[in-house]
Amino acid sequence: MNSKNLLMKIAGIVFGLVTLLCAYNAVDNFRAAFTMRHYPAQVLASKLKVDYGFSDSEAREQPLYTLVADFIATDESKRSFHWEGVPGSALYPEEAFDELARFAAGTTHNVSMLRGNARELRFDSMETQLEVSKGIAWTCCSVFLGIISWGFLDWRKWKKRGVWVAFVALGILPLIAVLPVGYFAYERLTTWEYVSGTVIGERKAFDPLQPLPNVEFTAKAMEKLPEVAYQRFEFQWNGRVLHGGYGGWFGAYDVVFGQETPRFYVSPKDRWSAEETLDWKEDFWVPCGILVLFGVVFAGAGLLIKRTKL
């Protein structure tokens, strides 16, 4: 075996091992998602901690929230739970207060717990299938890396077959990708609701000195919150009146307001998933069409090369 063949084999083995690792992570995440333990539970007590600083994803200071809640299972297990986490994608105080109200003492929720990790809890739709999303991402990585590994390990046969095989393989990837892209685009276009919110008052900063039950402010939050003015609004969602803000920090609803009136499309499953507009052409046909076009062009070019023996 010459040095070139050896390098190809080593590269194929390395990519193969990474492929196996990705596949393992995919299976592990799907297993975690479908083997969760579920409990109906009631909130015993809850509170909201408000701080100010840098989040993990932002390079500028903004409000930071921690929702703290104690639960007890209402089934025969009578199991107790303590949880501290981020209240969804809340950035403006009124958004965080909505989540605090949703988890007020006496409210009931469906609590899901990862097997083997009692601290990893999921409440209703607070987290949107984290393990399933991770599993899908790891699956896509394993398929892509698996094709690369196969190419390195079997490169001599590929070379004998000709470059057309590589073109066909590249064409298959976008044709496969069009399935999840089209599915999620179709779901948004057919299930998301168009809501028209109502602006509340004038643009002003939040006053942390007002008395609020079960809400704690740090010294830095007391100092920084009054420095940023923003606009408040409310809207109907799944039979509830929710609140939001825009124009101060870059929150979930800032991106959807190209007009003064808060009108936007929102997911019936997740209040934080919102778009200013939805259009079949831009959101479905264009992305799916581009993927199909790339797939057909590459796969067609490969088949043409094979037919003409270029």
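Reply: Lys220 is partly exposed, its relative accessible area being 32%. Its partner in a salt bridge is Glu61, and the closest N and O atoms of the two are 2.3 Å apart. Because Lys220 belongs to helix H6 (residues 219-224) and Glu61 to strand E2 (residues 61-73), this pair ties together parts that are 159 residues apart in sequence. Glu61 likewise counts as partly exposed, at 25% relative accessibility.

In this predicted model, the count of salt bridges comes to seven. One of them joins Lys47 to Glu216, with 3.4 Å between the closest N and O atoms. Lys47 lies in strand E1 (residues 37-54) and Glu216 in strand E8 (residues 215-217), so that parts 169 residues apart in sequence are tied together by the pair. Lys47 is partly exposed, with a relative accessible area of 29%. Glu216 is also partly exposed, at 38% relative accessibility.

A further salt bridge is formed where the side chains of Arg271 and Asp98 meet, at 3.2 Å from N to O. Arg271 sits in the loop between strand E11 (263-266) and strand E12 (274-275), whereas Asp98 is part of helix H2 (residues 93-102), so this pair ties together parts that are 173 residues apart in sequence. Both Arg271 and Asp98 are buried, whereas Lys220 is partly exposed and Lys47 is partly exposed. In general terms, side chains of opposite charge can pair when their charged atoms come close.

The loop between H2 and strand E4 (108-114) contains Phe103. This residue is buried, with a relative accessible area of 0%.

The C-alpha atoms of Leu153 and Lys47 are separated by 57 Å, the two residues being 106 apart along the chain. Leu153 is found in helix H3, and its relative accessible area of 36% makes it partly exposed. Helix H3 comprises residues 130-153, which is 24 residues. From its first C-alpha to its last, H3 reaches 34 Å, close to the 34 Å expected at 1.5 Å a residue. The buried residues of H3 are Glu131, Gly135, Ser142, Leu145, Ser149 and Gly151.

Helix H7 (residues 280-308) may be described in the same terms. It has 29 residues and reaches 39 Å from its first C-alpha to its last, close to the 42 Å expected at 1.5 Å a residue. At Val286, H7 bends by about 30°, and a proline, Pro287, follows within four residues. Its buried residues are Asp283, Phe284, Cys288, Gly295, Ala299, Gly302 and Ile305.

Lys78 is found in the loop between E2 and strand E3 (80-85). The phi angle of Lys78 is near 55°, a positive value in a residue other than glycine. Lys78 is exposed, with a relative accessible area of 53%. Asn238 also has a positive phi, of about 50°, although it is not a glycine. The position of Asn238 is in the loop between strand E9 (229-237) and strand E10 (240-246). At 45% relative accessibility, Asn238 counts as partly exposed.

Finally, there is the second largest pocket, which holds about 380 Å³ of space. Its lining consists of 16 residues, of which Ser55, Gln62, Leu64, Val86 and Ala90 lie nearest its centre. By class, eight of the lining residues are nonpolar, seven are polar and one is charged.

How values were computed: Residues numbered from 1 in each chain as written. Predicted model: local features only at pLDDT ≥ 70, side-chain atom pairs only at ≥ 80, totals over all residues. Heavy atoms only, no water. Salt bridge = Lys/Arg side-chain N within 4 Å of Asp/Glu carboxyl O. Helix = DSSP H or I, 4+ residues; strand = E, 2+ residues; numbered from the N terminus. Buried < 20%, exposed > 50% of the residue type's maximum accessible area, 1.4 Å probe, protein only. Expected span 1.5 Å × (residues − 1). 1 Å grid on protein atoms, 1.4 Å probe; cavity = no way out; pocket = protein on both sides within 12 Å on 5 of 7 lines; lining within 4 Å. Points joined across faces, edges and corners; volume = space filled by probe spheres on them. Nonpolar A, V, L, I, M, F, W, Y, C, P; charged D, E, K, R; others polar. Bend = angle between axes of the 7 residues up to and from the residue.
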